[in-house]
Amino acid sequence: MQYKLSEISGILGSAYPGNDVVINHIFIDSRNRIDRMETALFVAIKGDRHDGHDYVEELYAKGIRNFIVNKGFSTAGIAGGNIIAVENTLKAIQDIAANYRNTFSFPVLGITGSNGKTCVKEWIYQIFQNTKTVSRSPKSYNSQTGTPLSVLMADSASDLGIFEAGISLPGEMARLEKILHPDTGIFTNIGDAHQENFTDTEQKTAEKLQLFKRSKLLIYCSDYRVLHRAVSESEHRYSTFTWGYGDECNLKILSKTNIRNKTVIKIKINDSVLRDKIGDEAEFEIPFPDSASAENAMHCIAFSLTEGLDISLLKANLANIAPVAMRLELKKGINKCTIINDSYNSDVNSLTIALDFLDGLTQHRKKTLILSDIMQSEPDEKKLYLQVSKLLQSRGISRFIGIGEALERNSGYFVANSNIADCKFYRDTDKFLSHCNKAGFVSEAVLLKGGRQFRFERISRLLEIQVHQTVLEINMNAMVNNLNYFKSKLNAGVKLMAMVKASSYGHGSAEIAALLQYHRVDYLAVAYADEGVSLREAGITMPIVVLNTEPDNFDIMIEYLLEPEIYSISSLNIFLKTVSGMGISGYPVHIKVDTGMHRLGFVENDLPELCSILKNRQDIKVASVFSHLAASDEPGHDAFTALQIERFKRFCKSLEKETGYSFIRHILNSSGIERFPEAMFDMARLGIGLYGVGIEENRKYLTNVGTLSSAIVQIKQVGEGETVGYGRHGTVTAPKTIATVPIGYADGLNRKLGNGKGYFTVNGKPAPITGNICMDACMIDITDIDAKEGDRVTVMGDAPSVYEIADITGTIPYEVLTGISQRVKRVYISD
């Protein structure tokens with residue numbers, strides 16, 4: 001994409017008074033690393049939770065000079081910038097993308113539906129990548145901003161464009177249709193996703209169908225009756241190509257058979273044109289046994305056949321189709337390394353996104369990129385790798401390892417990059433593995449970015465810490481969803497403190513803190529000084545408050561710029577003694593008030609002495625005053641909560657009057673944010689809600705963050721009258737199939753879940769825990785479940801949920817989450 005600013009002004013119908021710069025990169029996220037600032041254009045989008053205008057001056061200071069802003073925004077702080085003012089910046093970027101789409105000489109495939117969009121897109125890409133130059137949406141970019149960004153990333157020299165479109169509100173698809181107006185459409189299916197914003201499934205179906213109102217062909221499964229009826233009754237009179245079990249389908253499924261973890265699909269060709277080319281029937285094999293994969297494959301088959309792809313090539317490509325790596329994985333590596341596995345997907349756009357993720361990891365100064373040949377559209381190999389080498393110039397990459405013949409041929413571009421100290425190249429993955437010295441990877445972040453044929457999972461296994469099969473998988477996107485939900489509850493200007501104490505409620509410290517820093521949370525809070533020190537050593541630079549301060553640690557807190565909670569006259573005096581003589585001025589402290597919790601904090605009787613000490617102090621300054629609500633989640637105690645709030649107001653008013661300056665006030669925790677908006681003051685503290693736990697009536701808005709899983713290591717038949725486990729409490733009253741899972745109470749699995757009280761989920765079905773839970777293992781009853789050794793087992797996630805486990809064990813979700821042992825490997829995933 002290349003536009004002059006004058007051309008963009010013309011597209012938007014806006015006046016443009018600045019220099020006529022050529023733009024080749026448009027972005028909306030101020031945190032993105034920009035390689036050529038002079039040709040980049042920032043569009044400041046105002047959303048429900050974030051406003052890009054808040055970061056315009058920050059970007060200007062970094063060197064960005066080209067902006068699209070809403071009319072009325074003050075541009076005094078960016079004098080000299082090239083500014084286009086519009087009524088609505090979101091519409092502006094959509095209009096630019098729509099204009100760029102109109103220049104495409106290649107056909108566009110648009111995909112929508114409730115599920116399967118990304119998988120269908122990636123599989124069609126795999127099928128055609130060796131016969132066509134394909135541009136496609138990176139990852140799952142399918143929103144009101146993601147779709148236009150995807151289009152703007154497309155290569156104008158492509159043979160095919162594949163783009164997703166997703167919606168959550170009425171009226172959104174009409175805007176995406178103007179951007180994409182696909183030549184061919186695939187409607188994957190219709191289900192319950194985002195149903196909460198539509199009156200019924202029929203309304204949502206009709207809304208999604210708007211994407212295809214100008215399409216020449218619509219592909220869908222006519223077995224979805226709501227969808228089929230909507231298409232049939234629509235005023236648009238779609239030209240359709242259908243598949244399913246009905247006789248009227250263009251492709252009728254005759255049989256679908258699972259054979260050794262594969263699915264064989266036999267179809268009847270009812271389309272006369274296709275029948276003349278390939279015969280009456282055809283059979284396809286995919287290397288997946290599940291029905292969702294079969295459905296996704298049928299969409300790919302239908303599209304490929306309508307595109308005229310040779311059926312023998314289609315069969316061969318489907319038989320070798322690779323699973324779609326939907327999510328980037330962050331894992332602990334050997335020698336204090338962090339491994340970012342984003343393999344199976346290698347193109348310039350996805351590489352840029354992965355490098356942005358790498359930029360957000362602050363715990364390692366040294367960063368290594370292991371990259372395979374990019375098997376994608378650019379016909380000019382030299383141009384492609386010159387582009388990649390330039391992309392890496394400002395990314396802080398310490399070491400570059402290129403794997404593949406094309407990278408070897410173009411190694412000179414990377415060697416000439418003076419910003420990369422160490423470059424090595426290998427013909428293939430085997431050659432790299434044979435020369436790899438594991439001891440050479442120490443305290444660094446390693447990004448693996450490779451095409452699926454290079455099998456980078458072998459490199460990942462080599463560099464990961466090898467632990468047992470029990471894993472806590474932490475969904476970073478779910479955490480961001482929860483963060484944004486609570487941000488949406490805050491009044492304008494209210495700050496947010498995120499609690500990362502107790503290893504972020506069991507989810508991991510540095511990784512979560514880096515994510516929160518990236519998303520511009522105002523403060524982090526830890527329980528003890530050593531937690532704060534670890535975060536500082538991991539590269540966290542934002543303000544960190546230590547809640548449970550210990551006087552012996554005040555000196556180290558000052559050394560690491562950690563801000564103490566002060567909760568008593570004695571702790572205040574000790575801290576003042578520590579800072580005296582250091583030449584410190586205005587060191588921030590946070591005053592804790594006891595309004596009824598009766599744990600830590602000043603009470604109202606302490607006010608005179610506290611004010612006397614703080615008045616006219618130069619060495620310290622009160623940054624915030626706060627208190628804890630004892631029962632904000634329990635409506636039966638709302639009167640007491642109101643009393644606490646009133647006590648807090650009085651305390652703050654008196655302290656502010658005596659000190660002569662204002663400070664941040666905060667009393668609300670996660671449930672308080674949801675239930676007491678009138679007490680929001682200047683900041684709120686987000687704890688358990690960040691991790692997906694909330695009050696019952698609002699749980700539907702939160703997303704589970706952590707999924708604890710393991711694997712079946714042995715299956716055996718146990719006869720009637722036998723027992724299972726220690727103490728012989730698991731009595732077998734009828735022949736049972738018992739599976740052993742390597743997770744026990746040493747991993748944090750509560751023994752109260754044993755003897756049938758708790759369960760795991762195996763292949764979608766509940767499997768009761770049988771007998772007593774052991775230290776390192778437990779046994780489950782899989783008598784009525786089709787399972788085999790090696791199958792994954794959900795210990796805690798969607799089912800059973802943390803709420804279920806807490807209820808069974810007579811505790812609270814906090815204890816369940818923080819009780820997960822540190823010997824359980826944490827794996828961080830992100831779309």
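Gln 387 sits in helix α13, which spans residues 381-391. The model here is a predicted one. With a relative accessibility of 40%, Gln 387 falls between the 20% and 50% cut-offs, so this residue counts as partly exposed. Its C-alpha atom lies 8.5 Å from that of Val 348, a residue 39 positions away along the chain.

Next comes the sheet. Nine strands make up an open sheet with mixed pairing, and reading across gives the order β8-β9-β7-β10-β11-β12-β13-β14-β15. The edges are taken by β8 (134-136) and β15 (281-286); each of these has a single partner strand, so one side of each is left with no neighbour in the sheet. Going from one strand to the next, the twist averages 20°.

Zooming in on one pair, β12 (residues 240-244) and β13 (residues 251-259) run parallel and are joined by two bridges. Within this pair, Trp 243 is placed opposite Leu 251 of β13. The sheet also carries a helix: α8 (residues 225-233) packs on it and touches β10 (184-187), β11 (217-221) and β12. The direction of α8 makes about 155° with that of β11.

Then there is a helix pair to look at. Two packed helices are described by the angle between their axes and the distance between the axes. For α24 (residues 607-614) and α25 (residues 638-659), the axes come within 9 Å and the crossing angle is roughly 35°. That crossing is right-handed. On the α24 side, the contact is made by Leu 607, Leu 610, Cys 611 and Leu 614. Helix α25 brings in Phe 651, Ser 654, Leu 655, Glu 658 and Thr 659. Sorted by class, the residues in this contact come out as six nonpolar, two polar and one charged.

The last stop is Thr 809, found in helix α27 (residues 802-809). Its relative accessibility is 5%, and since anything under 20% is called buried, Thr 809 counts as buried. The side chain of Thr 809 reaches the backbone oxygen of Ala 806 at a distance of 3.4 Å. Setting aside neighbours within four places in sequence, Thr 809 is in contact with Asn 750, Lys 752 and Leu 753.

Notes. Residues numbered from 1 in each chain as written. Predicted model: local features only at pLDDT ≥ 70, side-chain atom pairs only at ≥ 80, totals over all residues. Heavy atoms only, no water. Pairing = 2+ DSSP bridges. Helix = DSSP H or I, 4+ residues; strand = E, 2+ residues; numbered from the N terminus. Axes fitted to C-alpha atoms, helices over the stretch in contact; angles between N-to-C directions. Contact = heavy atoms within 4.5 Å. Buried < 20%, exposed > 50% of the residue type's maximum accessible area, 1.4 Å probe, protein only. Polar contact = N/O pair within 3.5 Å; in protein donor to acceptor, adjacent residues only side chain to side chain. Left-handed = near helix turned anticlockwise from the far one by under 90°. Nonpolar A, V, L, I, M, F, W, Y, C, P; charged D, E, K, R; others polar.
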